[in-house]
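Could you walk me through this model, telling me what to select at each stop and what is there? I have it open in my viewer.

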Amino acid sequence: MPRTRLRLAVTVALLPVALTACGDTGALRGAGPTATAISPDRLWPELTPASSPAWDYDDGESELMKGIRAPRDDIHKVDPVAVVRAEISQHPDAYTGIKAPYYETARRMADCGGGPARGRCPVLRPYYRDLTGDGRDDLTLGFRLLPGNQTAVRVYTFESGRLMRVMSNDDAVTGVELAGRSVIIHSPSDIASYEYRFQWTWDPDQRVMLLTHDEMLRVDGRKDSRKDGRHPSASPSASPSASASPSAAASPSVSPSSSSSGR
């Protein structure tokens, strides 16, 4: 067959394929007009900038947990119940004083003989993940602040043989997550279908976890169950590896996920 006829035959044979491809549902489609970008307007440029915060956000501080040691600084060897008892001992005004708001937490520590997340023990299941980036697991611990409905969320790490608390948050909690070098805490809002989300992230210069994100998010299909009308305060009231690895204890009533800052 002459080359001209051969080329014509091939072209005719490929034409239906080309036409079919043009009608493929996987073709690119327009997403519609792009919204016009609007630059931010600076308000009150004559206003003298503030030089200090109006409130003490109470973050950026660490605390030594006295009397807590572990072989080779292995945080897996630390007893979570002992850590909470150390905090109670170091903060008597919050737990054992005459007007202590969390007196029931201190009282129910006597029920922790079987370990965390057992029976009436207020200490929740511990989680372990490298949040500080030093290649060693850190301890994320929660315990109920009773008789109210708040939950304390804490992060501990070893520094030169000393157990340091590097993050502290007390609030009503609906969920906690670990992501990267962050702890993300979800809290109920006074506004229906919304929740607060607070992200605490490890800062290697300050050597503590700082409140880096504070936002309100819409949560479709979920109702707010908060009844006390209290807006979460802007500061804690006291004072992440591939996945989080929980201990073998039973799941607590407030369960961190291994993928969550208190206001």
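A salt bridge here is a side-chain nitrogen of Lys or Arg within 4 Å of a carboxyl oxygen of Asp or Glu. You are looking at a predicted model, where local features need pLDDT of at least 70, side-chain atom pairs count only at pLDDT 80 or more, and totals for chains, interfaces and linings use all residues. Residues are numbered from 1 along each chain as its sequence is written, and side-chain values use heavy atoms, with hydrogens and water left out.

**Stop 1: the salt bridges**

Select Glu 63 and Arg 165: their closest N and O atoms are 3.0 Å apart, in a salt bridge. Glu 63 sits in strand β1 and Arg 165 in strand β5 (residues 162–171), so this pair ties together parts that are 102 residues apart in sequence. Strands are DSSP runs of E with at least two residues, helices are runs of H or I with at least four, and both are numbered from the N terminus. Glu 63 is buried at 17% relative accessible area, and Arg 165 is buried at 5%. (Buried means under 20%, exposed over 50%, and partly exposed in between, using a 1.4 Å probe and protein chains only.)

Glu 87 belongs to helix α2 (residues 80–90) and Arg 165 to strand β5, so the pair ties together parts that are 78 residues apart in sequence. To see the whole network of salt bridges, select Glu 63, Glu 87, Arg 154, Arg 165 and Asp 170.

Next, pick Glu 215 and Arg 197, whose side chains meet in a salt bridge of 2.6 Å, N to O. Glu 215 is in strand β9 (residues 208–218) and Arg 197 in strand β8 (residues 194–203), so the pair ties together parts that are 18 residues apart in sequence. Glu 215 is partly exposed, at 27%, and Arg 197 is partly exposed too, at 23%. The structure holds 9 salt bridges.

**Stop 2: a buried valine**

Select Val 183 in strand β7 (residues 182–188). With 0% relative accessibility, Val 183 is buried.

**Stop 3: out to a loop**

Finish at Leu 47, in the loop between α1 (3–22) and β1 (63–64). Leu 47 is exposed, with a relative accessible area of 58%.
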